[in-house]
Each structure stands twice: as structure tokens, then as C-alpha cells.
Amino acid sequence: MAFQTVFKRYELKYILTAEQKEKVLHAMEHYMVPDQYGRTVIRNIYFDTDDYRLIRRSIEKPAYKEKLRIRSYSQAEPDSTVFVELKKKYKKVVYKRRISLPEEEAMEWVKGEHPCRKDTQISEEVDYFLNYYRYLHPVGFLSYEREAYYAEEQKDFRVTFDDTILFRQEDLSLESEVYGTPLLPEGSVLMEIKCSGAVPIWMVRALSEEHIYKTSFSKYGTAYRTIIYPNLAKEEDAHA
């Protein structure tokens, strides 16, 4: 199966109530259809430095920021296809590069245990990233349940709904079960609009009618602020 490997788009985020989600879905009925995967559970392993340099810089909201993760769309096995994803954001535009590999190979490559067997421009970009930051290691497991839709007449316009967003810092394997600390209040849903150009007027109208406003929300960033940093502070206090 051929997978898309390069993405360039805007990603707009909104926190919805369950009622607002239903209203948006109703507005989408005549324009959008579910993607081929239906409702999926997405698993991610995020990589960072010992001092969390990547996410600390991201939280500062610079003009340019980047992150590295390995993603699977189901509970993985050593030979399951997963994606090593290098995600960058520059002046509000998101650039994502990804390469598909068996889970075991992907983890060994990003952890610096073995080189990537695929020699491509994307693998070279990831290698440069790994060499630049050095000593990256898994720091968190982040999962969520996603419903994804695309516009039939504008296929680069996508809308996703994520709920049950969970984070943990142990058992960092895509082969493991899903569990962790929730990152959203109960009943809330994260909606993302992904597009390369303007948002269709019908969607703008639906958001306006329901008083739904764009927000800044990073799953990994929220995990750092609410889970990782407080834990680090506790450890420092314990050793003080």
C-alpha cells in the first residue's frame, strides 16, 4: 500500500463539547465523508532530549519548531508497519515528513541502535535531526481515538475529531495496551481542520453559529505542562 510521505498544510485546532461536535458533523454531512479507516486508535511514541529541549522550545511559540515521533494506527507487533514522523512548523504552516518501517526497525533506528535501511531524502532529514540533537530517547506514550473525514470535492480539506487522549511515561512501546492520564476534560473533543488553503465558507459559517473558536493546543505540549514538568518538580524537591 502506498502511503503519503510529505505533507504541507495549515492545522487549525478547536476544543468542542459533545453537543458542538454533533452540530459540526451535521454541517459536514453534505460536503464530507469518513476516510477509509473509520474510527482508529492512534499510538505515538515521542522522542526528546534528557532536558526536554524540543518540547520546551515548542511551548515558547517560536516561529520555527520541530518534533519527532513514531506512530502506529493499531497495536503494533515487531513487523507491523509504523511511521517515523518528523514534524515541523514554520510561520503557522505545518510540514510533515514520514517514512514507513517495521516497528522494531523504526525504534532501533531512532534510538540510535541501527541505521535506517531505506536511503531516501526523508531518512536523510531524520538522520540529520538525530545527529543534531543527539541522545534522543522515548519520553512518552500518547494515544487517542480518532474519527477522520475528507471533502469529496476538495480532498486536501480534512477534519479530524480526537477524544480519549491519554499520556504516560512508562511502558513506552507501540506494542503495548492503551492507558494513561487523560489530557482533556471528560466529554471534550479536539477537532482539527487540516487544509492547504482557505477553510470553506460553509465550515466558517458552522463554527461561527456554534461560537466555536480556534485555540492553541499541543497534545505533547499539554502532557509536558500537566504531567512531565510537575513530576520533574517533585523529583527536584525530593532531592533538595
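These questions and answers cover salt bridges, surface charge, backbone angles and contacts in a predicted model.

User: How many salt bridges does the structure hold?
Analyst: Side chains of opposite charge can pair when their charged atoms come close. Here the cut-off is a Lys or Arg side-chain nitrogen within 4 Å of an Asp or Glu carboxyl oxygen. The number of salt bridges in the structure is 23.

User: How many residues apart in sequence are the parts that E145 and R39 tie together?
Analyst: E145 forms a salt bridge with R39, with the closest N and O atoms 2.8 Å apart. E145 sits in strand β6 (residues 137-151) and R39 in strand β2 (residues 32-48), so the pair ties together parts whose separation in sequence is 106 residues.

User: Is E145 buried, partly exposed or exposed?
Analyst: Buried means under 20% relative accessible area, and exposed means over 50%. R39, at 41%, counts as partly exposed. E145 has 25% relative accessibility, so its class is partly exposed.

User: Which residue forms a salt bridge with D51?
Analyst: D51 is partly exposed, because its relative accessible area is 44%. The closest N and O atoms of the pair are 3.4 Å apart, and the residue bridged to D51 is R56.

User: In which strand is E192, the partner of R146?
Analyst: E192 forms a salt bridge with R146, the closest N and O atoms being 3.9 Å apart. The pair links distant parts of the chain, 46 residues apart, with R146 in strand β6 and E192 in strand β9 (residues 189-195).

User: Are E192 and R146 buried or exposed?
Analyst: The cut-off for buried is under 20% relative accessible area. Both E192 and R146 fall in one class: buried.

User: Which residues gather in the patch of negative charge on the surface?
Analyst: One of the members is D79, in the loop between β3 (64-72) and β4 (81-90). D79 counts as exposed because its relative accessibility is 60%. The patch is made of E77, D79, E104 and E175.

User: Which residues does P78 touch, not counting those up to four places away in sequence?
Analyst: P78 is in the loop between β3 and β4. At 37% relative accessibility, P78 counts as partly exposed. Contact here means heavy atoms within 4.5 Å. The residues that P78 touches are P102, E103, E104 and E175.

User: How many Å apart in space are P78 and L174, C-alpha to C-alpha?
Analyst: The two residues are 96 residues apart in sequence. In space, C-alpha to C-alpha, P78 and L174 are separated by 9.2 Å.

User: What is the phi of K92?
Analyst: K92 lies in the loop between β4 and β5 (93-102). At 63% relative accessibility, K92 counts as exposed. K92 is not a glycine, yet its phi is positive, at about 75°.

User: What is the phi of D171?
Analyst: D171 is in the loop between β7 (154-168) and β8 (181-182). Its relative accessible area is 39%, so D171 is partly exposed. D171 is not a glycine either, and its phi is positive, at about 55°.

User: Is Y14 buried or exposed?
Analyst: Y14 is in strand β1 (residues 6-16). Its contacts beyond four places in sequence include V189, L190, I212 and Y213. At 6% relative accessibility, Y14 counts as buried.

User: How many Å apart in space are Y14 and L207, C-alpha to C-alpha?
Analyst: Y14 and L207 are 193 residues apart in sequence. L207 is also one of the residues in contact with Y14. Their C-alpha to C-alpha distance is 9.7 Å.

User: How many Å apart in space are N231 and H137, C-alpha to C-alpha?
Analyst: N231 is in helix α6 (residues 219-239). At 32% relative accessibility, N231 counts as partly exposed. N231 and H137 are 94 residues apart in sequence, and in space their C-alpha atoms are separated by 18 Å.

Notes. Residues numbered from 1 in each chain as written. Predicted model: local features only at pLDDT ≥ 70, side-chain atom pairs only at ≥ 80, totals over all residues. Heavy atoms only, no water. Patch = residues over 30% accessible without salt bridge, like charges linked within 9 Å, V, L, I, M, F, W, Y side chains within 5 Å. Areas by Shrake-Rupley, 256 points an atom, 1.4 Å probe, with all protein chains shown as cover. Lys, Arg positive; Asp, Glu negative; His and termini not counted. Charge placed at Lys NZ, Arg CZ, Asp CG, Glu CD. Helix = DSSP H or I, 4+ residues; strand = E, 2+ residues; numbered from the N terminus. Buried < 20%, exposed > 50% of the residue type's maximum accessible area, 1.4 Å probe, protein only.
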